[in-house]
Amino acid sequence: MLELTTWTPAQLLVSLTILGGILGGLGIYQPLVDFAGAGALIPVSGFGSAVATGAIVEAKRIGIIGLFTGPFEIVGLGVTAAVIFGFLMALVASPKE
Amino acid sequence: MEKKQGDRTYMFANPPALIGAKSVVGPKEAAGPVGQYFDLKIDDPLFGETTAEKAERRFLIEATNATLEGANLAKDQIDFFLAGDLLNQIVSASFTARELRLPFLGLYGACSTMAEGGMLAGFLIDGGFAQNVLVGVSSHYQTAERQFRYPIELNIKHKLSAQYTVTGAGAFLYAKGGDGPYLKGVTVGKVVDYKIKDPSDMGAAMAPAAADTILQHFEDTGREPDYYDLIFTGDLGKVGMQLVNALLEQCGTRLGSNYQDGGVMIFGGDGAFGAGGSGCACSAVITAGYILRELAAGRLKRVLLVGTGALHSPLTWQQGESIPGIAHGIVLER
Amino acid sequence: MSNLIPRDEEDQQRRATRYGQLVAQYRPRPPIGRNLALAFVVGGSICFIGQIFYNLFLELALSPREAAAPTLAVMILLGALATGLGIYDELAQIGGAGAAIPISGFSNTVTAAAMDYKREGFILGMGAKMFIIAGPVLVYGIITGFTIALIRVFLLGM
């Protein structure tokens, strides 16, 4: 997509995330994960799918509030991990050209 | 003598002499094909400072001090310090002016600032307002990336047409009397915008302005391209050069092998630097380093320097605006 | 007046269109086939590494769903590490989207921003701008997940 369109990487990532969210929400992403394992989990579409399924599971379990708490299982993991590791790395490393 | 020629060109009755200039560059520029021509080569892109912004100032301060020393002039003999850079509020220029304690006029012409400064120095001296004018410009890869593009370590694949900001600074001393190539005349640029929106394609954004100024110069002076030993655009890069040639041909003018571009010269077409170098320092260090040495040695006698600049900001790009360009021409002759 | 300066708005539009065609002619053509292949290799390799860890966690008797979280955490760590070492941007120069799309790419954006904006201070610089690149992924990931869950569970009763 990056080659063929004028999309910036950020737009590509957002689109893939949304796509993953939709597929995950429709239950179509899980079979892909079963088949491909990390190959489906690791791309950012996997993130989108995890957010959607998290929201669905929690919403079914506890109702509307679940829509808000559900996404945070995976978002929480991703954000916390990124913040902690990013912060630690930034303490010890500086940008090189 | 009537100074104005044609629409936008001015020839000086008493052409100022460019009595001294120094170039200071970072490691990648020093390692490039014209590395040998630069005066000061700094190994550490951060010049020992804690931030790239502070480093850029060091480059500019070194260049200006070296120029003054080289021409044996004391600061109190300088009437004006004209300087600019790429950063918001032209802080490199202003903070350097603070160090130098000289009467200061800050300029923003993006990468065309060297030519803009030279032009204004010409007006000031020929107009009898100054004896000595110091012009300085700087740029730095890291400061430009942070301001215009992305954090340095970000995973991003650069497009082939993108350019690499030159880390360095150049300073120029123009004087009323003296030895050196003479600033014979100037052609003032207009802002030209052919609706290029991609900052990875700056050569394309600036080429129309360069072509316009070049055409206007020849129209105003009645000269032909072969009048000059060298026609030099500051930093159009590989792609921009081709576009200027194409545009000029469409208008019936052809530049020969006497046409060179600073962006291409500084990194020599090495693909790691995309389409070539850019930044205020690109045109400045090549002019101060290479062109002036060639003029002094007599290998070049008449040079048309066209500084090219892209006048967008990171915000205008995000808001979907195109990138306007400008180009200023200055004539140096022995 | 030089004939490159547009006379009016309409003239400018016309010139811009023609110029756009000229620019497209001279635009350097990236080796698409090669770039796609490299993206595939880089992206695949990253996922391959992830798979090794995923399998490791499955071995440690976690269910597939439980193994996903630590796998992602490890990949985020590796991304941050590679960024700190200054090699993740080189990887992107080779593999483009292959480096950007995996979760390690997300982690790179956060780490790169943290490293860079540290110079403006820990709070206003690093703290404020850490998610400057990754922000949209989080925002739209959450919006999508929320919306689709809302539609599916409450509007469709599925």
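The following exercises, each with a worked solution, concern a predicted model.

Residues are numbered from 1 along each chain as its sequence is written, while chains are lettered from A in the order in which they are written.

**Exercise 1. Describe the build of chain C, and decide whether it is spread out or compact.**

Begin with the secondary structure: chain C has 8 helices and 0 strands, where helices (H or I, at least four residues) and strands (E, at least two) are DSSP runs numbered from the N terminus. For chain C the radius is 23 Å, well over the 15 Å that the rule gives for 158 residues, so chain C is more spread out than a compact globule. Its C-alpha trace spans about 80 × 45 × 40 Å along the principal axes.

**Exercise 2. Carry out the corresponding analysis for chain B.**

The secondary structure of chain B comes to 10 helices and 15 strands. Its radius of gyration is 18 Å, close to the 20 Å from the globule rule for 334 residues, so chain B is as compact as a globular protein of that length. Along its principal axes, the C-alpha trace of chain B spans about 55 × 50 × 35 Å.

**Exercise 3. How do helices α2 and α4 of chain C cross, and which residues make the contact?**

First find the axes, which are lines fitted to C-alpha atoms, for helices over the stretch in contact, with angles from 0 to 180 degrees between N-to-C directions. The axes of α2 (residues 32–59) of chain C and α4 (residues 88–95) of chain C come within 8 Å and cross at roughly 140°. Therefore α2(C) is oblique to α4(C), since angles under 35 degrees count as roughly parallel, over 145 as roughly antiparallel, 65 to 115 as roughly perpendicular and the rest as oblique. Finally, list the contact residues (C-beta atoms, placed from the backbone, within 7 Å): C:L38, C:A39, C:V41, C:V42 and C:G43 belong to α2(C), and C:L91, C:I94 and C:G95 to α4(C).

**Exercise 4. How many residues do chains C and A bring to their contact?**

Chain C brings 52 residues and chain A brings 49 residues. On the side of chain C, the largest share, 14 residues, comes from α8(C).

Definitions and conventions
This is a predicted model: local features need pLDDT of at least 70, side-chain atom pairs count only at pLDDT 80 or more; totals for chains, interfaces and linings use all residues. Two residues are in contact if their C-beta atoms, placed from the backbone, lie within 7 Å. The radius of gyration is taken over C-alpha atoms; the globule rule is 2.2 Å times the number of residues to the power 0.38.
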